[in-house]
Structure formats: C-alpha cells, structure tokens
Amino acid sequence: MRRAYLRLFDFKQKVDYKIEILAGLTVALALIPEAVAFSIIAGLPPLVGLYAAFMMGLVTAIIGGRPGMISGATGAVAVVIVALAKTHGIEYVFATVILAGLFQMIVGFLKLGKLIRLVPHPVMFGFVNGLAIIIFLSQLVQFKTVVNGELVWLSGQALYLMLGLVALTIAIIAILPRFTKAVPASLVAIIIVFLIVVGFNIDTKTVGDIASISGGFPPFHIPAVPFSLETLQIIFPYAAIVAGVGLIESLLTLNLIDEITETRGSGNKECVAQGSANILSGLFFGMGGCAMIGQSLINISSGARARLSGIVAAVMLLVFIMFGAPLIEKMPMAALTGVMIMVAIGTFEWATFKLVGKMPRHDVFVILVVAGVTVLLHNLALAVLIGVIISSLVFAWESAKRIRARKYIDEKGIKHYEIYGPLFFGSVTAFNEKFDVLKDPEEVIIDFKDCKVVDMSGIEALNKLTERYRKVNKKLHLRHLSDDCRVLLKNADQVIEVSILEDPTYHVATDKML
C-alpha cells in the first residue's frame, strides 16, 4: 500500500517540498484571474470557472501523465461552449463537459495519445509562439477600464501606476533568480507588489474589481437536462470539439514540458486524467478545461517537478475561495499581469528568429501560419490541424520528387528500369513519365528493389502500366515486389517474374487496412 501511495504521488524521487509548495501557491494566485476571465468569456458565473480550475487541477495533478503540468479552466474551452451557454443554458454546458470527458477517456484507453507524435516541430514552434502572443495580448485588457459602458485605455496617474507596478513585478522576476532561487521569483514579486499597494493605499485595479471569488465547496450536481436523443444531438458536436481541443492543447503542453525538463510523460495517461477531470468538473459545477501552458510554465520555472505542486495549487485555490476571498480580492492585477507577461516572454521560442535563414522555407511558412491562426482565431486545435495538413502536403510533395529511374539495355536486348524512391499517390505521375512503352524493346524488366509501393494508388499505377505493355504484346517482368503487391495486381500471373529470396516483406496500405 505504501509503495502504491509513493508511486501515485511521484514521491519515489527526491522532492523539494518547499519549492513544490511555494510553486503551487504561486500558481494558485495566478489561476484566479484567468479562471474568472475564462468563465466570463463563456458567459458563466465566475465560480463555475474557479470550481473547474480546482477540479481539473487536482485530478490531473494526482493521476495525470505529466508531473508538474497544471490544468484548469481555459480560454480554448470557453470559446467553444460560449454559444451553447447562450442558447441552452448552463446545465447543457455541464452535460457537454461530462460527455467530452468520456470521449477523452476513450482516447486514452485506446492508446491514441501517441498520435500527438505526428505533430511536426515547426507546428510546435508556431503553436508555442502563437500562444505566447495570446498570453501577452490578453494582459493588455488590464490597462483598460470601463467608462460609460465602453472599454477605454487607462490614462494619467492610473496608467502610470499600472505601468510602474507591472514593471516592478517584471524586474523582480528577472533579477531575483540571479541572487537566490530559494523561493519562486513570481511569488516574491506578487507579495512585494501586494504589500506596496496595501501599505501605501494605492488605488489600482484588483482581483475584486473583476468579480467576487467568495464561495463554498463545489456542490455535487447532476446536470438538469433531459436524458434523450435530442439532448445528445445538441451537446454531441460541442463535446467532440471540447474533447479534441482539450487533448490537443494538453498533449502539446505535455510535449513542451517534456522538452524543458528533459523527461518524458505519458500521453495516454494524460488523456484518461483529462477525461476524468472533465467528468468530475461537470458533476461539481465546473465548466471543464484542459492543460494550461502559461500556468504550467510558471510552475516549472518556479522549480516544481513533482505532482505535489499541482495538488497544492488546486487545494490552495479552494482555500482562497472558501476562506481567503476578502484578502485575495485585494490582490493587485498589476502583479499578476507582470507574472503573465514574463510567462509570455519565456514561452516564446526566440530561437525561431535565428533559424529563419537556416530552415526550409516551407517550415518557416508553417510556423507563421500556425502562429497566425492561433493569434487571430484563438483556436489552438484548428491551428495545429492546419499546420499538420500543410506539413503533410509538403512531405508528400517532397517525397514525390524523390522517385527516379535508372535505365539501361543489357547484352540480350532487354531493357531494365531500376526504380528508386516511394511509389504512392503523390509520385504516380512522375513514375508513369519514366516509361516509353511504344519504343521499348519486346522484353522489359522493372526492378523495385529500391522502391517501396506505399498505397493503392501505387498498385493502380502498376496495374495500368502492365495493361499498357500487355496491349502492345510486350513481355514485362516486375521484380522485387512484396507478397501483397503481387496479390493486389490484377495481371500478376501474366507479368510477374518473382525471386522469393529477395522479395521484401512490407505491406501496402489498402482501404481495408484503413
């Protein structure tokens, strides 16, 4: 039992409890304004976002696939459910979150989390850079205020105070680590700015100006929706999108934290954890969510590496809601804004600029497109999907150009075609252009020793080629084809001369296999 407990909380490795606890406290403070803001974006009460942050953070910290990663209510999920909240109400949102959680658990159980490996590195660069820009731009709203129902920029003393406090926060975070790393610089910055604002009674925007965070323990609540096919038809599309967006953002964040910490998390385990957390969030009055790259980077940069920091962050968030609301609501937004700006700076891959002249142009294009879609549409899943599609098309195009043929006629007058490169849908046209059926001699040998037939388009190209040679009564030999290639060729018994010992054993992707 003790071993299972230690394994669950990752205490089998050496854990710096002080760093973990202080990092968790820092994350908890930074979670509050974001959870409130995302719930408002979704058109839901602030406590719904806070409860989601607590439940998502706690469950994924305990059973997630990446120690040190933080989950909570996110903007990506808020953007998806805002339309549902407006048209059908909060109860349908809870039901949607629960269904999305079920989808995510199924993905984890089917071990599909490894599909995130298909995301190319340029897409990751674009995703991270776009997200960094979003984090930075989202902080600009703190430099605005409402006047006559309109949001306008701060001016005069209010603006100078805000800029000064933000600059002080950034300076502390940047300079303090040079002298000591005993405590997270972000937490020290928040405390110092808080004490200055309270001590000098400075009139500046606080957490309480956004919304009240006072509440109790999240109540257990079964969504009050009809259990019918009509309800399923309403929530199914939203749930599928929430599940997809949540998993993409979570698994990309997991990969990023893996790179930073030089360790490896479990994508499938994280899928199950995200699903479980969303189900419980929907049952405990939460809006659901996924991994938060900004909060995760705050946690990692504070020195946290174990599950304890995430657990502390979630528990302390609940403590703030239940007991510390009056104090936390006095927290100056300038301090939290400074922290998030530093997160944005740390998130951005500045190495991108150095690689622009060194990497292929299509990779640079993918980075710009993914970052642009992320910033303009705030849709991380769509941005990543577009990036993967562009990268796949580029790969197919480059691979298609690799197919080539070496041609020669031997002493017997037999013409040989030695094919090099992959034969698939993208290279079929180039493959067909290699042959001169009418001018070829009576006997032709096509050697596939250095060519792999990848898909049914390649098989069909071979079928058409054999048909062309058959119509002009020329003898054609196809050598070094795999067993399934010979089976799939319609004219195999007429055209194939086989050498069993040399034939490769790869398989061709067919419709049945897909």
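In this predicted model, the side chains of R470 and E467 form a salt bridge, with an N to O distance of 2.6 Å. Both residues belong to helix α19, which spans residues 456-471, and they sit three residues apart, about one turn of the helix. R470 has a relative accessible area of 38% and is therefore partly exposed. E467 is also partly exposed, because its relative accessible area is 24%, and the buried class requires a value under 20%.

Another joins D258 to R66, whose closest N and O atoms are 2.5 Å apart. D258 is part of helix α10 (residues 229-261), whereas R66 is in the loop between α3 (46-63) and β1 (71-72), so this contact ties together parts of the chain that are 192 residues apart in sequence. D258 counts as buried because its relative accessibility is 11%. R66 is likewise buried, at a relative accessible area of 7%.

A further salt bridge is formed by the side chains of K415 and D440, at 3.0 Å from N to O. K415 is in strand β6 (residues 415-423), and D440 is in the loop between α18 (428-432) and β7 (443-453). The two residues are 25 apart, and the pair links distant parts of the chain. Both K415 and D440 are buried.

Definitions and conventions. Residues numbered from 1 in each chain as written. Predicted model: local features only at pLDDT ≥ 70, side-chain atom pairs only at ≥ 80, totals over all residues. Heavy atoms only, no water. Salt bridge = Lys/Arg side-chain N within 4 Å of Asp/Glu carboxyl O. Helix = DSSP H or I, 4+ residues; strand = E, 2+ residues; numbered from the N terminus. Buried < 20%, exposed > 50% of the residue type's maximum accessible area, 1.4 Å probe, protein only.
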